[in-house]
Amino acid sequence: MKFRFQRKYLSIPYVLFFLFFVICPIILIVVYAFTDKATGLFSFNNLIKFFSDSTNINVLVISLVYGLINTGLCLLIGYPIAYFLADKKINKSAILVTLFIMPMWINFVIRTGATRDLLTWIGLSGGSHPEVATIIGLVYNYLPFTILPLYTTMLKMDRSQIEAGADLGANPVQNFVKVIIPLTLPGIISGATMVFMPTISSYVISDILSEYNVVLFGSYIDLYFNQSDWNFGSFMALIMLLLILLSVVISRKFSNEEGGKKSIW
Amino acid sequence: MDRDDIIIELIDVNKKFDDGDSFAVENFNLSVKRGQFVTFLGPSGCGKTTTLRMIAGFEIPTSGKILLNGEDIAQLPPYKRPVNTVFQRYALFPHLDVYDNIAFGLKLKKVKKVVKDKKGNEKVKYVHLSQKEIDEKVVRALKIVDLEQFESRNVTTLSGGQQQRVAIARAIVNEPEILLLDEPLGALDLKMRKEMQLELKEMHKKLGITFIYVTHDQEEALTMSDMIVVMKDGMIQQVGTPTDIYNEPKNAFVADFIGESNIYVGTIYDKLKVRFLGKVWDCVDEYPIHEKVDVVVRPEDIKICNPKDGVAVGKITNCIFKGIHYEYTIMVGKNEVIVQSTKMYDTDKEVGIKIEPDLIHIMKREISSNAFEGYINKNNQVVFAEASWDCDVTTLLKGSTIDDEGYLASSDGKKYDLTDADVSVEFDMGDVDISDNLEEGNITGKIIEMVYKGDHYQVIVRTEDEDDFVVDTEWTWNINDIVSVKVNPSKLKLKLKGDITKYEI
């Protein structure tokens, strides 16, 4: 039979990619998570092991706390920066924006190594101040990821809506709370999602900067995989996956209600 | 005018933006009576929106006072001013529904309330409006803009016209002393716009508050306003009722901007006689004899008649049917005359035209430089005022040169034959020389006027063909001296009419 080209064949590469790099890994994770390491048979041992040991829960809670602190600090620092960058009266060129985004272009490991040396030099070494060093490193790394979505939303923001707020009697503080924050909410949500979950699963930053004194969930998973306990590692990766799913659902609900626009997050 | 009647007064208001070197608004003086519908009218960039924004508080004047009920509010931030704005693109809050958009201002508002404390002493407190009061006000505002039952709708799902109504409701619900409207109908289609014009006018009558309206649409301004402020380049050109502005425009700009006009340069020929279109006409405005003036005649004020009855005679070259009338283009010599008439005439017909003396509007002409209409001859000279003048035609195209055959060659190898190309010519009064050696200049004329301007004389030289040259000179001359005029060729500023590509060979 003669081969006839059909348009749907164009999707084959994508289907293959999807199969090999999305579906298969997830199935593998689920399979490993619910099999016993010794026997190789289906079991809930990993689940029982995870929830019976308080160390595991502690690591998860600590990771969530680091995630929240990092997200909060990034938004706190990034929001005003993005606001002034997007104000054409103050920032007349795009160069300043590039400068803030530029750390993203430098290799992540080299950048983090340099941060460690710099922090040690000013007396904040991983040995003496592991928590502070980790937070500084996390904020430095994730700040561009909050600035960028905030900056984009603020550029699109209609400045006359802010004027309308003032015109209707809102003083600068009321105007900020009632108009500017709601208008930039989509940016806040995508900025937060781009920081919160990656922080929990990140481990290079905390490992390098705290000299292994701060253990985040990511390094914990890494630890088990390195010790060839793929089953327990997979189970924790599954928990991670469910957390990410949960945060996406929550943020979607927010942006649907408030912004009226759908975002990919 | 009684002082108490004035709600807002702008005194010597100037506004200069940081990045601009000219004034956006200059020497703006205006008093608005309570309850009036005032329109700022002008082309884009004339400063009308800037003036409105200064009243709203979004811009602070560089100098001058803005008195609201006699108090200067020029430095007050917008949220402290009892005025509200309807924005050009509505500026509704997308995160709030219709109700919350309208209630936005009410929820922030605090009203004076006398309350009794435990001991029975009366105290003045500032309290928020109650939910019930807000409800009532929002419902009433929605009724005024004809949007009952829309409370819980999302503003992003509304049509342009409905959004506009919400924006108006959001502003009027606060019961402002002045409602400011910044081209509020600009984004609507024609039919919707006409409807909203009438509705706004109706609303103004019902509410009784002062409206200040900004538009570039002259028809809109004429339909809606009690008073029109015509602006150009940051300055007020004329303030008056629509009828005044239409019938008695103060200068050629106003005449041209409001309605259609025929505008000519004329000369006062004798007492109550003006010469334009090559003929002498009776008029009612008195000006000094020999003065150059702008003459404005509305197309509907010109009567077509038999050639022998008309003051001027011309030929109909074009006729357009406009529904209730025909619009004719009549060539009188080299001048075009636009005439509106309900009668039908054949094109190419010779007709006479006449105008009632009181319909010929004569305005003072302000001269800032010498401007002429001319054309290029085959020697690459420019011909104007019936004389040919040396000039540099390469200025018409950047980087061009004149080749051996006398054509204009561009840097990318294209050639242009500029013979007979129409150009406008301009040159400063200081770049003209006059001499009593009649052979020296290109043309001769008679000095008809000489005014001392502090450090030099301004002389007007009129040629036989009644073209005027205005000359700045440090020498004294006498009226009626015959002189020759020459202009430095490099100082002649030429501007081609139409695109240069049409002359490519």
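In what sense do strand S11 and strand S12 of chain B pair, and over how many bridges? In this predicted model, strand S11 (residues 227-232) and strand S12 (residues 235-240) of chain B are antiparallel and share five bridges. Within this pairing Met231(B) stands opposite Ile236(B) of S12(B). S11(B) and S12(B) form a hairpin with two residues between the strands, and in that hairpin Asp233(B) takes a positive phi near 50°.

**Strands and sheet of chain B**

Chain B also has an open sheet of four strands, with the order S2-S1-S4-S5 and antiparallel pairing. Its edges are strand S2 (23-33) and strand S5 (71-72) of chain B, each of which pairs on one side only. Strand S1 (residues 6-16) of chain B runs antiparallel to S2(B), and seven bridges join the two. Across this pair, Ile8(B) stands opposite Val32(B) in S2(B). In general, the strands of a sheet pair through backbone hydrogen bonds, either parallel or antiparallel.

| Strand pair | Sense | Bridges | Opposite residues |
|---|---|---|---|
| S1(B) and S2(B) | antiparallel | seven | Ile8(B) and Val32(B) |
| S11(B) and S12(B) | antiparallel | five | Met231(B) and Ile236(B) |

**Chain A**

Read from the N terminus, its elements are accordingly listed as α-α-α-α-α-α-α-α-α-α-α. Along the principal axes, the C-alpha atoms of chain A fill a box of roughly 70 × 70 × 35 Å.

**Interface of chain B and chain A**

The contact between the chains takes 19 residues from chain B and 19 residues from chain A. Together the two chains bury about 1,800 Å², and carbon and sulfur atoms carry 63% of that area. Tyr79(B), His95(B) and Leu108(B) supply 36% of the area that chain B buries against chain A, more than any other three residues.

How many salt bridges are found across the interface of chain B and chain A? There is one salt bridge, formed by Arg53(B) and Glu163(A), with the closest N and O atoms 2.6 Å apart. Over all chains, the structure holds 20 salt bridges.

The interface of chain B and chain A also has six residue pairs in polar contact, counted where both residues are at pLDDT 80 or more. On the chain B side, the elements that give two or more residues are helix H1 (48-56), strand S6 (83-86) and helix H2 (98-108). By residue class, the side of chain B that touches chain A divides into twelve nonpolar, five polar and two charged residues.

**Domains of chain B**

The domain assignment divides chain B into domain 1 (3-247), domain 2 (260-364) and domain 3 (370-503). The C-alpha centres of domain 2 and domain 3 of chain B lie 29 Å apart, and four residues from domain 2 of chain B and four residues from domain 3 of chain B make up their contact.

About 420 Å² is buried between domain 2 and domain 3 of chain B, with 33% of it given by carbon and sulfur atoms. The side of domain 2 of chain B that touches domain 3 of chain B has no nonpolar residues, two polar residues and two charged residues.

Definitions and conventions
Residues are numbered from 1 along each chain as its sequence is written. Chains are lettered from A and ligands numbered from 1 in the order in which they are written. This is a predicted model: local features need pLDDT of at least 70, side-chain atom pairs count only at pLDDT 80 or more; totals for chains, interfaces and linings use all residues. Side-chain values use heavy atoms; hydrogens and water are left out. Domain bounds come from an automatic or database domain assignment. Contact means heavy atoms within 4.5 Å. Buried area is the accessible area (1.4 Å probe) that two parts lose on being put together, summed over both. Ala, Val, Leu, Ile, Met, Phe, Trp, Tyr, Cys and Pro count as nonpolar, Asp, Glu, Lys and Arg as charged, and the others, Gly among them, as polar. A salt bridge is a side-chain nitrogen of Lys or Arg within 4 Å of a carboxyl oxygen of Asp or Glu. A polar contact is a pair of N or O atoms within 3.5 Å; within protein, one must be able to donate a hydrogen and the other to accept it, and residues adjacent in sequence count only if both atoms are side-chain atoms. Two strands pair if DSSP finds at least two bridges between them.
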